[in-house]
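Subject: Structure handover

Hello,

I am passing this structure on to you. Please open it first, then read my notes below.

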Amino acid sequence: MINVAVIGAKGYAGEELIKILLRHSGVKIISLSGRMDGKPKHISEMYSYLKGKLDIFCEDIDQKKIAENADIIFTALPHSVSMGIVSKFVLLNKKVIDLSADFRLKDAAVYEKWYGVKHTNPELLEKSVYGLCELYRKKIKKAKLLANPGCYPTSIILGCYPALKEKIIKKKGIIIDSKSGYSGGGREFVKNYKEPNCYAYQVGGIHRHIPEIEQELKCQIIFTPHVIPQERGMLSTIYLKLKKEISLADVIAVYKKYYENEPFIRIVETAMTKNVVNTNYCDIAINIDGRTNNLIITSAIDNLVKGAAGQAVQNMNIMFGIDEKEGLI
Ligand SMILES: NC(=O)c1ccc[n+]([C@@H]2O[C@H](COP(=O)([O-])OP(=O)(O)OC[C@H]3O[C@@H](n4cnc5c(N)ncnc54)[C@H](OP(=O)(O)O)[C@@H]3O)[C@@H](O)[C@H]2O)c1
């Protein structure tokens with residue numbers, strides 16, 4: 001049994017981690033923690049549906065105790081809070097999967113520019129492995145510090161990767177519109193979100209996921225995120241300029257070549273959030289606009305699963321050499 005700790009258990013991503021880890025036959029949840037202000041709570045008081053399923057208290061974060069007992073630690077905390085906590089576990093030689101953005105960007109100056117805070121542990125950036133399972137499986141196997149990708153970047157990078165890698169599209173002028181369920185904003189955002197409402201936000205190349213996507217795709221993008229009136233699920237529509245005419249069948253063949261052995265990627269006719277919510281799947285639909293010679297990719301994930309907790313567990317499975325699909329649906 002792998003002994004697992006979840007830090008940030010009160011948050012959306014932390015809750016999702018607990019749900020998935022409970023389905024996993026090879027792990028034991030030995031610690032749940034968060035900002036409890038000295039008042040530990042039984043997990044079933046926080047999430048009543050866990051009554052009779054998990055007998056553990058959510059406590060304040062005690063790093064020494066967690067490090068003594070856990071084989072792997074998931075941190076599901078806001079960016080900038082995570083880095084200090086994670087770095088102590090790394091010093092203690094523990095395996096960590098961090099769901100925040102703190103270890104995703106390889107250049108501390110880029111992090112500081114986009115996140116507006118100083119990186120206190122820049123020396124760890126080159127050691128961290130970017131945990132997009134489909135691209136970095138070999139590195140993930142050996143990772144000690146794993147930076148779990150953001151939700152928008154997961155849907156977008158997976159949607160673009162084969163076309164870019166096979167050089168069938170131009171690197172310039174990539175346009176992406178992404179729509180996210182409101183849980184993408186975390187608990188505080190959800191408290192203030194008045195349903196139903198749909199709008200674009202952080203328009204004008206200012207969303208913090210842009211440098212992460214550009215780091216991985218190695219090209220500039222135009223990215224506009226939107227909030228949609230559903231709790232979870234994310235759909236990215238990606239416009240890619242084809243270098244020359246190519247048939248839809250040939251593009252589909254390219255995508256299948258990259259993804260046919262991937263347990264959580266499906267090439268589908270229509271990517272829709274309904275089909276991926278509560279699963280770890282990324283559904284990718286491929287279309288060509290022959291009039292303007294654009295490849296249009298739509299990519300759907302559950303922001304809390306493949307976009308966060310599910311991908312984190314998939315990464316843990318790879319790191320421990322167990323079936324990558326364990327615990328995941
Ligand atoms: N939501 C998503 O779809 C998603 C997807 C991918 C990645 N992520 C990333 O996952 C992380 C968690 O996101 P989330 O959506 O779960 O956020 P959330 O619902 O806002 O939860 C964040 C948790 O962190 C706790 N926290 C805040 N400041 C803290 C501090 N100084 N010390 C200890 N705990 C602190 C909060 O505690 P309180 O309850 O006391 O406020 C809250 O429980 C973030 O880095 C986010 O970017 C989220």
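Here are my notes on the ligand site, the core and the sheet.

Please keep in mind that this is a predicted model.

Start with the ligand. The shell around the ligand has 26 residues, and K10, G11, A13, S100 and G186 come nearest. Three helices each supply at least two shell residues: α1 (12–23), α8 (186–192) and α11 (305–319). By class, the shell counts 12 polar, 10 nonpolar and 4 charged residues.

Next, the core. The largest nonpolar core has 85 residues. Within this core, V6, L17 and F74 touch the most other members. Helix α11 gives the most to this core, with 8 residues. Domain 1 and domain 2 both give residues to the core, so it too lies between them. Take a look at V6. Beyond its neighbours within four places in sequence, V6 is in contact with G14, L17, I18, I29, L32, F74 and A76.

Last, the sheet. It is open, has 8 strands and mixed pairing, and runs in the order β3-β4-β2-β1-β5-β6-β8-β7. The edges are β3 (41–42) and β7 (129–130). Each has a single partner strand, so one side of each is left without a neighbour in the sheet. Further in, β6 (residues 95–98) and β8 (residues 145–147) pair in the parallel sense over 3 bridges. There, I97 stands opposite L146 in β8.

Best wishes

Conventions: Residues numbered from 1 in each chain as written. Predicted model: local features only at pLDDT ≥ 70, side-chain atom pairs only at ≥ 80, totals over all residues. Near = placed C-beta within 6 Å. Helix = DSSP H or I, 4+ residues; strand = E, 2+ residues; numbered from the N terminus. Nonpolar A, V, L, I, M, F, W, Y, C, P; charged D, E, K, R; others polar. Core = buried A, V, L, I, M, F, W, Y, C linked by C-beta atoms within 7 Å. Buried ≥ 20, exposed ≤ 12 C-beta atoms within 10 Å, placed from the backbone. Domains from an automatic or database assignment. Contact = placed C-beta atoms within 7 Å. Pairing = 2+ DSSP bridges.
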